[in-house]
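Subject: The structure we talked about

Hi there,

Please have it open while you read.

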Amino acid sequence: MKILMVSSECYPYAKTGGMADVVGDLVKSLTSMGHEVSVILPFYRDVKNYLNLENINIDKINISIDMKTDSFLFEGSVLKWEVNGCCFYAIQNDRFFDRDFLYGDSGGDYFDNSKRFAFFCQGVVRFIDSFSDYFDIVHCHDWQTGLVPVWLKKGIDTLWGKRRSAFSCRTLLTIHNLAYQGVFDRQEMNFINEKKPFYDYLQMNGKVNFLKGGLLGADSISTVSPQYVKEIQEKALGHGLHRIMILRSQNLWGILNGIDIEHWDSQKDIWITKNFDKDSLSNKEENKNCLYEKMNWEKSDDLLLGMVCRLVTHKGLDLLEEGFDRLMSLSIRFILIGTGDAYWCDFFKRMEKKYHNFRCFLSYEDRLAHQLYSSIDGFLMPSKFEPCGLTQMIAMRYGAIPLVHKIGGLANTVEHWSEKDQSSKGKGFVMQKYDVEDLLINIENMLLLYQDKRKWEVLVRKNMSLDFSWKSAAQKYLALYRYLVTITP
Ligand code: GLC
């Protein structure tokens, strides 16, 4: 099949979160299964730097993009490079994309994100048009690509001086996080010369909503776990879009993400002190000792907890804040890696000064994350909502027991372990409620289990044998693509 992945992030070129990993991994898996996969993304500064660093050759292809506003003409071009049998394309406009960050800086989101991603989407549609119905599937990801399915379905007025009516490819939009929707004032969109029907797709509560447009325009919608499919149809977790999700429920699918099991392989990981597998857990202990030396911590039998996440409140940080003093009074050590909101950076810095058994690293560094996963006993992920989550799977693969809130993909990947039910599918500790007491009780229960080394290691070994690869997810996406090309929308 000929598949075009449209995304604002793709590992290793541009990444702020899990979506980049998912797009990068899915592309790799589908390509290895013999499909022709292309990717198109914005030509950010990060992409430029990565290609330079890796000495990858870039070509300019013969398509030009222009977007007229009342007073300005934005122009762009399409660049191309090839890696491992996969073609990558990028929409270039340095004014929009040659910036320090992808979406915004410490002052907040960039003021012109509506223009930046409308321009990206127009460029993508122009690109697809120039390929004369070559692609079977156009697979879009999150709000930044939301205008693409609308234009592909309704046709497009604004480009290259003529109208292009509907396109023949089928579209799939994957929601990685419904909380981010791309909402802008209608006036900000005046530069798009489309008529009312186009805005009917996008309009919501007097504003323009890119994601809503995509959800109505796409032939099918998927999200990244079966549980999240249910949650986003409920008012409480639907972020204002639950009615749209119900409306489209016949075309809404949940496909659980995988992780790159070659990249996350404790037996071959080049960044960790000692490689290990489920039969050499003593090496994991050595990794821990080595990490302690680095931190200037003396050896100890305390339970080592880790957390790797974006520092935003819904990752459960408000619960941690509420329970921090009590948490620190337990026989634990805790290391956190993450970047994000200034409020949380300040908070964790203060806590680091206050408690000798807590450390935080407020910038993300791959090597350190690998070292942390290879050393920790327990992994915290008490998110308020979590469409899928990848880090809990990585942690289990590296022999750490997860503690999660029973929500979204966390509920689909971590079942509660209980002493009584030894035969169960239990993998970790699961908070039934988003509540600080529930969090602390589960940490205490984890500590109790940790004191029984034999039982602890049985669970660790069981988790390390689980299959988190992309194999089954990639097959499910393919089945969905195949179904899409057979239906008449
Ligand atoms: C987003 C979600 C996360 C998911 C990831 C990849 O970052 O918040 O839960 O795992 O996308 O789909």
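Where the two domains touch, 16 residues of domain 1 are in contact with 10 residues of domain 2. Please keep in mind throughout that this is a predicted model. On the side of domain 1 that touches domain 2, the elements giving two or more residues are helix 1 (18-32) and helix 8 (226-231). Helix 8 provides the largest share of that side, with four residues. By class, the domain 1 side that touches domain 2 divides into five nonpolar, nine polar and two charged residues.

For orientation, the domain assignment gives domain 1 as 2-258 + 471-486 and domain 2 as 281-464. The C-alpha centres of the two domains lie 33 Å apart.

Next, the ligand. Which domains supply residues to the shell around the ligand? Domain 1 and domain 2 each give at least three residues to that shell. There are 14 residues around the ligand, and those that come nearest are Gly 17, Gly 18, His 176, Pro 387 and Cys 388. The largest share of the shell, three residues, comes from helix 1, and helix 1 is also one of the elements on the side of domain 1 that touches domain 2. Sorted by class, the shell around the ligand has six nonpolar, seven polar and one charged residues.

Now to some helix packing, starting with helix 5 (residues 147-154), which I looked at with two partners.

Helix 4 and helix 5 pack at an angle of about 40°, and their axes are 9 Å apart. An angle between 35 and 65 degrees counts as oblique, and helix 4 and helix 5 are therefore oblique to each other. Their crossing is right-handed. From helix 4, the residues Ala 118, Cys 121, Val 124 and Val 125 meet Leu 147, Val 148, Trp 151 and Leu 152 of helix 5. The residues of this contact are eight nonpolar, no polar and no charged.

The crossing of helix 5 and helix 7 is left-handed. Here helix 5 uses Leu 147, Pro 149, Val 150 and Lys 153, while helix 7 brings Phe 210, Gly 213, Gly 214 and Gly 217. By class, the contact of helix 5 with helix 7 has four nonpolar, three polar and one charged residues. If you click on Leu 147, you will find it listed both in the contact with helix 4 and in the contact with helix 7.

One more helix pair is worth a look, helix 11 (residues 317-328) with helix 16 (residues 436-451). Helix 11 and helix 16 pack at an angle of about 45°, with 9 Å between their axes, and they are therefore oblique to each other. Helix 11 passes helix 16 in a right-handed crossing. The contact involves Leu 319, Glu 322, Gly 323, Arg 326 and Leu 327 of helix 11, together with Val 436, Leu 439, Leu 440 and Ile 443 of helix 16. In this contact, six residues are nonpolar, one is polar and two are charged.

Finally, two backbone details. Most residues other than glycine have a negative phi, and most peptide bonds are trans. Against that background, where is the cis peptide bond that joins a Tyr and a Pro? The cis bond joins Tyr 11 and Pro 12, with omega about 5°. Pro 12 lies in the loop between strand 1 (2-6) and helix 1. The other detail is Asp 142, which has a positive phi of about 60° although it is not a glycine. Asp 142 sits in the loop between strand 8 (137-141) and helix 5.

Happy to go through any of this with you at the screen.

Best wishes

Terms used: Residues numbered from 1 in each chain as written. Predicted model: local features only at pLDDT ≥ 70, side-chain atom pairs only at ≥ 80, totals over all residues. Axes fitted to C-alpha atoms, helices over the stretch in contact; angles between N-to-C directions. Parallel < 35°, antiparallel > 145°, perpendicular 65-115°, else oblique. Left-handed = near helix turned anticlockwise from the far one by under 90°. Contact = placed C-beta atoms within 7 Å. Nonpolar A, V, L, I, M, F, W, Y, C, P; charged D, E, K, R; others polar. Domains from an automatic or database assignment. Near = placed C-beta within 6 Å.
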